[in-house]
Amino acid sequence: MTTMKRRLTALALAASLAASASAALLSGPAYAAGDAAAAGGHGAEIARQQWPFSGFKGTFDKAQLQRGFQVYSEVCAACHGLNRVNFRNLVQPGGPEFPEEAVKALAAKWPNQITDGPNDEGKMFDRPALLSDPMRGPYKNEKEARAAQNGAYPPDLSLIAKARGVTRDPAWWKHPFLMLGDIINTYQEGGADYLYALLTGYVDAPAGVKVNDGMYYNSHFAGNQIGMPPPLAEGSVTYQDGTKGTVDNYARDISAFLTWTADPTQDQRKRIGWQVMLYLLVTTVLLYLGKKRVWSKIKH
Amino acid sequence: MSGHTSSYEPTSRWGKWWDERLPVARMMHAQFVAFPTPRNLNYLWTFGGILFLCLAAQLVTGIILAMHYQVGDATAFNSLEHIRRDVNFGWLIRNIHAVGSSMFFIAVYIHIFRGLYYGSYKAPREVLWILGVIILLVMMATAFLGYTLPWGQMSFWAVTVITNLFSALDTIWAGLGTGIVEWLWGGYSVSGVTLNRFFSLHYLLPFVLVGIVILHIWALHVVGQNNPTGIEIKEPSEAVPMHPYATSKDLFGMFAFILLFAWFVFFLPDYLGHPDNYIEANPLVTPPHIVPEWYFLPFYAILRAFTGSFLGIPLGSLAKLLGVVAMFGSIAVLAFAPWLDTSRVRSAKYRPMFKWAFWTFAFTCLALGYLGAKPAEGVYVLWAQIFTVLYFAYFLVAMPVLGLIETPSKLPRSINEAVLGPDAAAQKH
C-alpha cells in the first residue's frame, strides 16, 4: 500500500512536472516585432541578472524606477512611446511614485501632445497631456515612424518586458530539474534580462560579418543586426541621486522601469499572494487534521 | 448500488413540503451525502472534485472577464490590457482564468492517467469513460477557442495553423478542406470575424461541458466508483458514506491543489504562457516558432511527426492528412480502451507486465510534450515518430495482447481483504 502511494505521488509529480516542463520549453527565442522577426537566428546566451523585483519576494525599487523613467524620458522617448501607461500611473503606489504635482507639470510639458476633438468647429486639435492621458511617442502611426526611421519601426515599449524572454536549450534530461528550479524560484524576469542584455550587447561585429547599411551589430539581438543605434552612452543621463552614469546602470534602470510598465500591479500581486498562500496553507493543514480525525476509526 | 437509496428524513415542515413536491434535497442527500464510496480510495480519487472546482473557477472568472473584454480585432488586445491595468483586481481575475486553464488540464490529465492505471474504463464503466473522453475533447476545443481571445501573436498564429489542418481534407475531395477552413474563418483568412465567432463559441462550450459533466457524474453514480484494487464493493462494510469521509478527503485535496494554483497565479502568472502573446496579432509577421499551449504539445508532436516520410516510409501528398488523422486519432483511441483491453483484471496493481506498459506510456506522453515544443527538424522528427508509434502501441498492442499473455498476480478476494488483511476480512465476514 505504501509503495503504491509513493508511486502515485511520483505520478502526480511527473504530471505536474510535465505541465510546467512544456511551458518552460515554450519560451522560444526572443525576437523583435516587425522587421527583426524575419531576420531569425539566435543571439548569444542571455545571463540572468539579480533584480530588486526578482523572485517571489522581490519588489520594485522606487528609486530605480525613477531613474529608469529618467532614462526613458531623456533617451528612449525620442523614438518609443508608452501608450499603455498613463501619466497618473507614475503617481500610483507600486511604481516610481512621483509627486502628483510634478507629474502634472511633466504631462503638460510632454513634447508629444494629445490629439483631441473634434472641437466646436469640427476640427481635431493638439493639446497638452493631462494625468489621465497616455505617454505618447513622437509618431502618430507606424507609417510616420518608418518614414522617419529609415524604414525601421520603434515599437511601443509598454509591454516590451513581457513580450520578450530568454531561451535555454539544455539537454533533455536536465529540463525537468531546471523547470522545477524556475517554479520554486518563480523566475519571471526573462524580459528584463533580455532588455539588459540587448542594451549592453552593442559590440564590434566579429571579423567577416558584414553589417548592413543603417544597421548595428548587437550580440544579443536575433540575427545580430538591429536598426536601433546604440541608445546609451556613458554620462548621457545625469542622475539626481548620485548613482553613477554608466551604460550598465542605465541599462539596468530602464529594464527595471519597463518591467514595471509591463506589470504595474506586480508589487500588489506578490503582497496579496503571500497573504493568500498563508491563508491557504493554514486552511489546508486544518483540513488535513479534520480529514485525519474523520478517518481515524476507518482502516483504509 | 444498494445503499444509496435515500435515508433522507426531512425534519422541518418546510423540508417536508418540498420533499412531497420536488425532492431535490432527497436526491442530493442520496447522491452526495449517503452515497457509498469505497473505503480504500487514494488521493488520486480527489481529482474529480478538483476538476469540478476548476470548471467552476473558469466559469466564474470567465463570466467576469466577459464583462470587460471587448471582442474585435482592433479592441481585443487593448481590452485585455485594460483588464490587467485598470479594472479593479482585473489582473487577478485574468491570471486565475489564464492559469486556470493550465491547472484544469494538469488535473484532467492526472484524472485520466488514474483511470488508465486502475482500469476504470472497463465494464461496467464504459459509458462513464466515453463521456470523460468527450469532456476532454470539449475542454480542448474550449481552451483552444479561449486562447484566441487575447489576440496576441501566438493566439493569431495558433488559430491559423490549427484551423488550416482541415485543409488536409482536400486530398480526399478537392475543395472540401479549403471550404471548411473558409467556413470556420468566415472569410479567406483569420480575421476579426473569426475572433467574434470564436468568442461566441468559447462562451457557449463551457455550458455544454457542464451538461456532459452532469451526465458523467450520473453515470458514475449508477456504476459506483472504481478503487485501487479494481474489485467491486461486495458488502456494505467495504464502503463509507460520501459525507463526511470522501468530502473531508476531497476538500483537503482541493486546497492542496489550490496552493499550487495560487503559486502560479500570484508568482508565476506568465510562466505557462508565451511572451509572443504580449505582442498584438499581426497577420504580416509570422513568429519564428509557432507553438500551442503546453497541454496540446503531445498532440502537436504527433501531428508534426508525419513529414514527407514516417520512419522511412514515404508518405507523399498524404503526409498532412495522416498527421491530422493521427492527432485526432490519438484522442479518439481513448474511447475504445474498454474494448481494446482484454484483461479481466482491472487494476494495474495486479498486472506485472501491464504496469510496465503503463509507465512507458506515461513517459511517452511526456516525451511527446517535450518534442512538441521543439522545432520539427532533424533528430526531433525521428523521435517524435518513434514516440507516436509507442503512443498508439499502448492502446493497439499492449492493451489487447497483454491481457492474453500476462499472468496477473494474486488478487485479494475483496476490498476488505486488501485493506484489513485476509484474516481480519474473514473474521468480519
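Trainee: In which sense do E1(A) and strand E4 of chain A pair, and over how many bridges?

Mentor: A general point on terms: helices (H or I, at least four residues) and strands (E, at least two) are DSSP runs, numbered from the N terminus. Two strands pair if DSSP finds at least two bridges between them. Here E1(A) and strand E4 (residues 134-135) of chain A pair in the antiparallel sense, over two bridges. Leu82(A) has Met135(A) in E4(A) as its bridge partner.

Trainee: What am I looking at, and how are the residues and chains labelled?

Mentor: Residues are numbered from 1 along each chain as its sequence is written, chains are lettered from A, and ligands are numbered from 1 in the order in which they are written. This is a predicted model, in which local features need pLDDT of at least 70 and side-chain atom pairs count only at pLDDT 80 or more, while totals for chains, interfaces and linings use all residues. pLDDT is the predictor's confidence in each residue, from 0 to 100. The mean pLDDT of chain B is 95, and 98% of its residues reach 70 or more. The model scores ipTM 0.92 and pTM 0.92.

Trainee: Why is strand E1 of chain A described as largely enclosed?

Mentor: The word to know is buried: a residue is buried if 20 or more other C-beta atoms lie within 10 Å of its own, exposed if 12 or fewer, and partly exposed in between, with C-beta atoms placed from the backbone. Strand E1 (residues 82-86) of chain A has four of its five residues buried, so the rest of the structure largely encloses it. Over chain A, buried residues make up 36% of the 300 residues.

Trainee: Is Ala332(B) buried or exposed?

Mentor: Ala332(B) counts as exposed because it has 12 C-beta neighbours inside 10 Å. Its place is in helix H12 (residues 319-335) of chain B. The C-alpha atoms of Ala332(B) and Arg344(B), twelve residues apart along the chain, are separated by 23 Å. Leu176(B), in helix H8 (residues 176-185) of chain B, is partly exposed, with 15 other C-beta atoms within 10 Å.

Trainee: Which residues is Leu176(B) in contact with, leaving aside its neighbours within four places in sequence?

Mentor: Two residues are in contact if their C-beta atoms, placed from the backbone, lie within 7 Å. With those neighbours left aside, Leu176(B) is in contact with Leu169(B) and Asp170(B). Trp383(B) is 207 residues from Leu176(B) in sequence and 32 Å from it in space, C-alpha to C-alpha.

Trainee: Which residues touch the most other members of the largest nonpolar core?

Mentor: A nonpolar core is a set of buried Ala, Val, Leu, Ile, Met, Phe, Trp, Tyr and Cys residues joined through C-beta atoms within 7 Å. The largest has 109 residues, and Ala107(B) and Leu368(B) touch the most other members. Helix H5 (residues 90-117) of chain B gives the most to this core, with 18 residues. Leaving aside neighbours within four places in sequence, the contacts of Leu368(B) include Pro298(B), Ala301(B), Phe387(B) and Tyr391(B). A second, separate core of 47 residues includes Ile46(A), Ala197(A), Ala222(A) and Ile279(B).

Trainee: How many residues of domain 1 of chain B are in contact with domain 2 of chain B?

Mentor: Domain bounds come from an automatic or database domain assignment. Chain B is divided into domain 1 (1-34) and domain 2 (35-428), and their C-alpha centres lie 35 Å apart. Eight residues of domain 1 of chain B are in contact with nine residues of domain 2 of chain B.

Trainee: Where is a cis peptide bond found in chain A?

Mentor: The bond from Gly117(A) to Pro118(A) is cis, with omega near 0°. Pro118(A) lies in the loop between strand E2 (114-116) and strand E3 (125-127) of chain A. In chain B, the bond from Ala123(B) to Pro124(B) is cis, with omega near 5°.

Trainee: What is the phi of Asn224(A)?

Mentor: Asn224(A) has a positive phi of about 70° although it is not a glycine. It is buried, with 22 other C-beta atoms within 10 Å, and lies in the loop between strand E5 (216-217) and strand E6 (225-226) of chain A.
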